[in-house]
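Follow the strands and helices of this chain in turn, keeping the structure in view.

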Amino acid sequence: KRIVIKIGSSTLVGQNGIKREWLASFARDIADWARQGKEIIVVSSGAVALGRDSLGLGKKKLRLEEKQAAAACGQVFLMNAYRDIFSWYDKGIAQILLTLYDSEDRERYLNARQTLETLLKNGIIPVVNENDTVATAEIKYGDNDRLAALVAQMCDADLLILLSDIDGLYTDNPNHNPEAKHIPVVEQITDEISGMAGDAGTHLGSGGMVTKILAAKIAASNGCKTIIANGNSLNPLASLEHRKHSLFLAEGALGNARKQWIRNQIKTFGSITIDEGAHKALQRGSSLLSVGVISLEGDFSRGDLIAIKSKDNIQLAKGISAYSSEELIRIKGKRKEELETILGYGGKTEVVHRDNLAME
């Protein structure tokens with residue numbers, strides 16, 4: 001019922017700007033799906049590609065400040081095109097600008113989630129893009145694929161569709177190897193599947209198959225399927241089932257957004273090493289207790305995200321710590337009956353509660 005669709009720059013933008021005929025056919029598909037009761041969120045690239053001409057930058061490789069300036073100019077053209085063309089089909093749109101870091105701050109994450117829910121409830125199509133004017137790492141790595149997956153996770157989407165200039169996953173780069181075979185269904189994203197990814201294929205786009213597989217992996221862990229397809233034909237959604245594409249099946253359970261938020265965070269503020277007994281307890285779904293903590297690294301506070309590792313330095317999980325590093329140094333290896341005597345006050349029984357813990 002709920003679908004996130006990411007559009008790549010090369011799909012939306014041509015040599016003469018926005019591909020208006022293509023966008024009109026896409027908007028018609030969206031309107032048809034909306035009439036069927038589907039809720040649609042669009043994650044759209046294209047601002048930087050559109051802004052190049054405004055600044056006279058041509059096709060050259062852009063410096064960071066040039067990309068940010070191009071994004072500022074191009075975002076105006078991008079949203080005007082969406083507003084004008086979607087209005088033909090009586091569909092309202094809303095602009096949402098995010099960075100990957102908005103998903104790492106819990107309060108901002110929840111605010112964005114609520115905004116998306118409210119827009120969908122009122123029949124508005126959210127059009128999401130990276131806030132490239134203020135972002136840095138996001139532009140360098142071209143992560144609108146990953147942003148789309150995080151949006152899908154944020155709003156508990158059933159399906160993520162990544163439209164670009166390639167019709168799915170191949171065993172090798174089909175542009176270089178004519179023997180490369182198309183893979184229509186991926187049941188699980190293994191190391192072998194990840195190894196099949198290639199590089200970005202056009203000067204307009206910045207993300208290649210690597211980012212698409214990573215996006216599919218994020219979505220799969222939250223119970224969301226992913227389709228990677230070539231979007232360059234007219235009516236790219238209506239014709240999807242009749243065209244070649246790759247379907248990545250879901251692996252996790254839909255929902256449980258808090259654990260997915262924890263799992264998908266990049267930055268941790270420290271780490272703790274646990275013993276084998278604690279590891280087995282976590283695998284059974286239990287909380288992490290102080291008695292199982294061997295050591296810790298970093299300077300973190302209560303409520304910070306930390307990594308949980310085994311004795312041989314393998315990351316097992318991430319979780320929200322109920323104690324600061326200073327407190328945890330004092331109580332590591334101690335039983336819960338000893339905590340109040342050591343700390344001088346009654347603390348939490350768990351170092352990381354199971355509701356605030358996500359296994360890798």
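How many bridges join strand E4 to strand E6, and do the two run parallel or antiparallel? In this predicted model, strand E4, residues 39-44, and strand E6, residues 125-130, are joined by two bridges and run parallel.

E4 and E6 belong to an open sheet of eight strands, ordered E5-E6-E4-E1-E7-E11-E12-E10, with mixed pairing. At the edges stand strand E5 (93-98) and strand E10 (185-186); each has a single partner strand, so one side of each is left without a neighbour in the sheet. Helix H4, residues 64-87, packs on this sheet and touches strand E1 (2-7), E4, E5 and E6. The direction of H4 makes about 155° with that of E5.

E11 and E12 run antiparallel and are joined by four bridges; one of the pairs is Thr226 with its bridge partner Phe248 in E12. E12 is also joined to E10, here by two bridges and in the parallel sense. Val185 has Leu247 of E12 as its bridge partner. In general, strands of a sheet pair through backbone hydrogen bonds, either parallel or antiparallel.

Which element gives the most to the lining of the second largest pocket? H9 does, with five residues. The residues lining this pocket include Leu214, Lys217, Ile218, Ala220 and Ser221, and also Arg146, Gln188, Glu251, Arg263 and Glu360. By class, the lining has five charged, four nonpolar and three polar residues. The space in the pocket is about 330 Å³.

The other sheet to look at is open and has five strands in the order E15-E13-E16-E17-E19, again with mixed pairing. Its edge strands, E15 (293-297) and E19 (357-359), each pair on one side only. From one strand to the next, the twist averages 25°. Inside the sheet, strand E13 (residues 271-274) pairs with strand E16 (residues 305-309) in the parallel sense over three bridges. Thr273 has Lys309 in E16 as its bridge partner. Helix H11, residues 276-283, packs on this sheet, where H11 touches E13, E16, strand E17 (315-320) and E19. The direction of H11 makes about 105° with that of E13.

How values were computed:
Residues numbered from 1 in each chain as written. Predicted model: local features only at pLDDT ≥ 70, side-chain atom pairs only at ≥ 80, totals over all residues. Heavy atoms only, no water. Pairing = 2+ DSSP bridges. Contact = heavy atoms within 4.5 Å. Axes fitted to C-alpha atoms, helices over the stretch in contact; angles between N-to-C directions. 1 Å grid on protein atoms, 1.4 Å probe; cavity = no way out; pocket = protein on both sides within 12 Å on 5 of 7 lines; lining within 4 Å. Points joined across faces, edges and corners; volume = space filled by probe spheres on them. Nonpolar A, V, L, I, M, F, W, Y, C, P; charged D, E, K, R; others polar.
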